[in-house]
Amino acid sequence: MLNPFALTDKKILITGASSGLGRAMALICSKMGATVFITGRNAAALAETYNMLEGVVEHKMIVADLSVSADIDNLIGQLPALDGVVNNAGINKRMLAQYIKEDDFESIVSVNLKSPIMIVKALLKSKKINAQGSCVFISSVAAHHSSIGNAVYSATKGGISSYAKVLALELAPKKIRVNTVQPGMVRTGINNGGPLTDEEYKKDAAQYPLGRYGFPEEVAYAVVYLLSDASIWITGTDLVIDGGFSLI
């Protein structure tokens with residue numbers, strides 16, 4: 001049976017796979033037939049993800065702190081030529097503009113913006129992205145929707161969306177596609193200890209036109225689409241998955 005969404009025989013790198021969105025992406029990609037290479041800086045949590053992967057292929061986990069250049073070099077050195085790259089690793093810390101600390105700024109920018117750019121650079125120089133391959137960047141509706149205290153995070157997500165469009169043009173001659181996914185609020189570990197209480201989160205979720213926040217699997221399904229041959233003629237796009245949040 002024809003299944004253009006299958007990832008059979010594709011080799012996929014997923015960063016930030018220790019939990020949340022990254023874990024969901026890794027599990028679903030493995031179910032769709034991909035050989036999955038996962039990375040994260042929490043070895044124990046990454047091992048949990050690894051042990052949940054399905055399929056009959058040889059998956060691999062590589063512990064790395066993507067804010068450290070040597071770790072990126074080590075990661076690239078252990079990878080084969082890839083058919084897909086998902087730059088998902090990200091962090092956030094809300095702060096009002098007048099209270100932004102240089103250390104916080106540098107750590108958020110390093111993980112959210114610098115590391116995906118440096119990973120792709122290293123993969124391209126090593127010729128480790130196959131022709132007809134797909135690069136997916138996890139951006140956010142925060143790239144174009146303002147919220148108080150989210151200036152640095154929003155700036156990094158807007159930056160990665162702009163970067164992806166330029167990269168899409170540069171890699172088009174090689175038939176390598178580049179797109180971003182821009183989720184709305186998805187309840188994952190990145191929200192733990194956030195500025196809202198559970199009751200406030202429920203009230204906020206009720207404002208979404210579809211009445212709730214997203215689930216990690218729902219974002220993962222979109223990533224599978226962009227990695228698969230079903231999206232073979234799509235590049236330079238931002239796929240918004242936000243339950244209608246952008247409409248209000």
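Asp 83 is found in strand S4, which spans residues 82-87; strands (E, at least two residues) and helices (H or I, at least four) are DSSP runs, numbered from the N terminus. The structure is a predicted model, in which local features need pLDDT of at least 70 and side-chain atom pairs count only at pLDDT 80 or more, while totals for chains, interfaces and linings use all residues. Residues are numbered from 1 along each chain as its sequence is written, and side-chain values use heavy atoms, with hydrogens and water left out.

Asp 83 is buried yet has no salt bridge, and the nearest side chain of opposite charge, that of Lys 11, is 5.4 Å away. Here buried means under 20% relative accessible area and exposed over 50%, with partly exposed in between (1.4 Å probe, protein chains only), and a salt bridge is a side-chain nitrogen of Lys or Arg within 4 Å of a carboxyl oxygen of Asp or Glu. Beyond residues up to four places away in sequence, Asp 83 touches several residues, including Asp 9, Lys 11, Asn 130 and Ser 134, where contact means heavy atoms within 4.5 Å.

Leaving aside neighbours within four places in sequence, Phe 137 is in contact with, among others, Pro 116, Val 120, Ile 160, Leu 167 and Val 178.

## Positive phi angles

Most residues other than glycine have a negative phi. Asp 9, in the segment before strand S1 (11-15), has a positive phi of about 70° although it is not a glycine, and Asp 9 is exposed, with a relative accessible area of 65%. Lys 175, in the loop between H5 and strand S6 (177-183), has a positive phi near 60°.

## Cysteines

A search of the whole structure finds zero disulfides, a disulfide being a pair of cysteine sulfur atoms within 2.5 Å. The sulfur of Cys 29 is 14 Å from the closest cysteine sulfur, in Cys 135, and is therefore too far for a bond. Cys 29 is buried, with a relative accessible area of 1%, and Cys 135 is buried with a value of 0%.

Conventions
Lys and Arg count as positive and Asp and Glu as negative; His and the chain ends are not counted.
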